[in-house]
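Here is a short note for a colleague who has the coordinates open. Please read each point against the structure.

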Amino acid sequence: MLENKANPTINKSTGLPRKRFYRARAHSNPLSDSHFPIPLSPSHVDYSLHYPQLFPSSDQINGSKIQFADIGCGFGGLLISLSTLFPETLMIGMELRDKVTEYVKERISRLRVANPGQYQNISVVRTNSMKYIPNYFEKGQLSKMFFLFPDPHFKEKNHRRRVISPHLLHEYAYVLQVGGIIYTITDVEELGEWMKSCLENHPMFEALSLEELEADPAVKLLSTATEEGQKVARNGGQTFQAVYRRIVPAS
C-alpha cells in the first residue's frame with residue numbers, strides 16, 4: 001500500500017492526493033510554447049507507461065488502442081467516472097498544466113492500488129491538444145472526445161485560442177471514427193453558442209437526437225463528473241451542451 005502517513009499532500013481518510021497542493025491557474029495559453037516530450041507519431045506512444053498492467057512492456061502489442069480522449073481533463077473527475085462505466089475501453093486525459101497533470105497521475109496511481117484490477121484503463125498526459133492531437137491518435141481511432149468547461153477566451157482577439165473552432169474540428173474529425181461523438185459543455189452561454197455553431201456548420205458533424213442523448217450514459221456525466229460541473233451545480237448555474245456525431249459528408 002502506498003505510504004501516506006508522513007505525506008501532507010495525501011488525504012489520510014481517502015488515500016488520494018489533496019488538490020490544494022496541485023493548484024494552478026484555471027487555464028493556460030494554448031498558443032505558447034511549452035516543453036514536454038511529444039511522440040513523433042501515434043505508433044510512438046508508449047502504452048506501457050500509461051497502462052502498465054495491460055501493456056507490461058513497450059514491445060507488447062495486444063491490438064487495443066485508446067478510444068476516448070478527455071481534452072483539458074482538469075483534475076480527472078470525468079476519467080475516473082468513465083473508467084468504471086467503460087472498463088474495457090482505453091482512455092486518456094490530455095492536460096496542459098503540469099501540476100494538474102501530476103495530480104491526475106497520482107490520483108490514478110492510488111486508485112489502482114486501493115482497487116486492484118480497476119482503473120487500469122485510464123491515464124493522463126501533459127500535452128497541448130490544440131497542437132499535437134495527430135501525434136497521439138491515428139485516423140479514425142477515437143470513438144469519443146470530451147471538451148468539458150473549456151477556457152471561454154472572452155475577448156474576440158483570443159477566440160483563436162478556443163479549443164473548439166472550425167479549423168480544429170477538421171483535426172478532430174480526422175481522429176474520430178465515423179459515428180464517433182464529440183461532447184461539449186460550458187456554463188458560459190456565448191461559448192456554448194459558439195461551440196454549437198461550429199459543430200452545426202461543419203459538414204462532418206451532426207447533432208444527436210434527444211432520444212440518443214437520453215440513452216447515452218456519457219451524457220449524464222458531463223455536468224456531474226468534473227469539479228467545474230459540480231461547482232456550477234452548487235451555485236445553481238446553467239450549462240450549455242452540444243453533442244455531435246462524426247459523419248461522412250454528403251458528396
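This is a predicted model: local features need pLDDT of at least 70, side-chain atom pairs count only at pLDDT 80 or more; totals for chains, interfaces and linings use all residues.

The points below cover the annotated site, the cysteines and the aromatic contacts.

1. Annotated site. An unreviewed UniProt entry lists nine positions under "binding site": Gly 72, Glu 95, Leu 96, Asn 128, Ser 129, Leu 148, Thr 226, Glu 227 and Glu 228.

2. Ser 129. Ser 129 lies in helix 4, which spans residues 129-136. Is Ser 129 buried or exposed? Its relative accessibility is 9%, so Ser 129 counts as buried. Leaving aside residues up to four places away in sequence, Ser 129 touches Ile 71 and Met 94.

3. Glu 228. Glu 228 belongs to helix 8, residues 227-234. A relative accessible area of 32% makes Glu 228 partly exposed. Ser 129, by contrast, is buried.

4. Cysteines. How many disulfides does the structure hold? The count is zero. A disulfide is a covalent bond between the sulfur atoms of two cysteines. Cys 73 is buried, at 5% relative accessible area. Cys 198 is also buried, at 9% relative accessibility.

5. Aromatic pairs. Searching the whole structure gives ten aromatic pairs. One of them joins Phe 36 and Tyr 132. The ring centres of Phe 36 and Tyr 132 are 6.4 Å apart and the planes stand at 85 degrees. An angle over 60 counts as edge-to-face, so the Phe 36 and Tyr 132 pair is edge-to-face.

6. What the Phe 36 pair connects. Phe 36 sits in the segment before helix 1 (47-50), while Tyr 132 is in helix 4. The pair therefore ties together parts that are 96 residues apart in sequence. Phe 36 is buried, with 15% relative accessibility. Tyr 132 is partly exposed, with a relative accessible area of 24%. Helix 4 is also where Ser 129 is found.

7. A tilted pair. Tyr 51 and Phe 55 have ring centres 6.3 Å apart, with planes at 55 degrees, so this pair is tilted. Both Tyr 51 and Phe 55 are buried.

8. A ring cluster. Which residues do ring pairs link into a cluster? They are Phe 68, Phe 86, Phe 146 and Tyr 183.

9. Charge over a ring. The charged end of Arg 162 sits over the ring of Trp 194. The distance to the centre of the Trp 194 ring is 4.8 Å.

Conventions: Residues are numbered from 1 along each chain as its sequence is written. Side-chain values use heavy atoms; hydrogens and water are left out. UniProt positions are given in the numbering used here, feature names are shortened, and annotations may be inferred rather than shown by experiment. Helices (H or I, at least four residues) and strands (E, at least two) are DSSP runs, numbered from the N terminus. Buried means under 20% relative accessible area, exposed over 50%, partly exposed in between (1.4 Å probe, protein chains only). Contact means heavy atoms within 4.5 Å. A disulfide is a pair of cysteine sulfur atoms within 2.5 Å. Rings of Phe, Tyr and Trp (its six-membered ring) pair if their centres lie within 6.5 Å; planes under 30 degrees apart count as stacked, over 60 as edge-to-face and the rest as tilted. A charge sits over a ring if NZ of Lys or CZ of Arg is within 6 Å of the ring centre and within 35 degrees of the ring normal.
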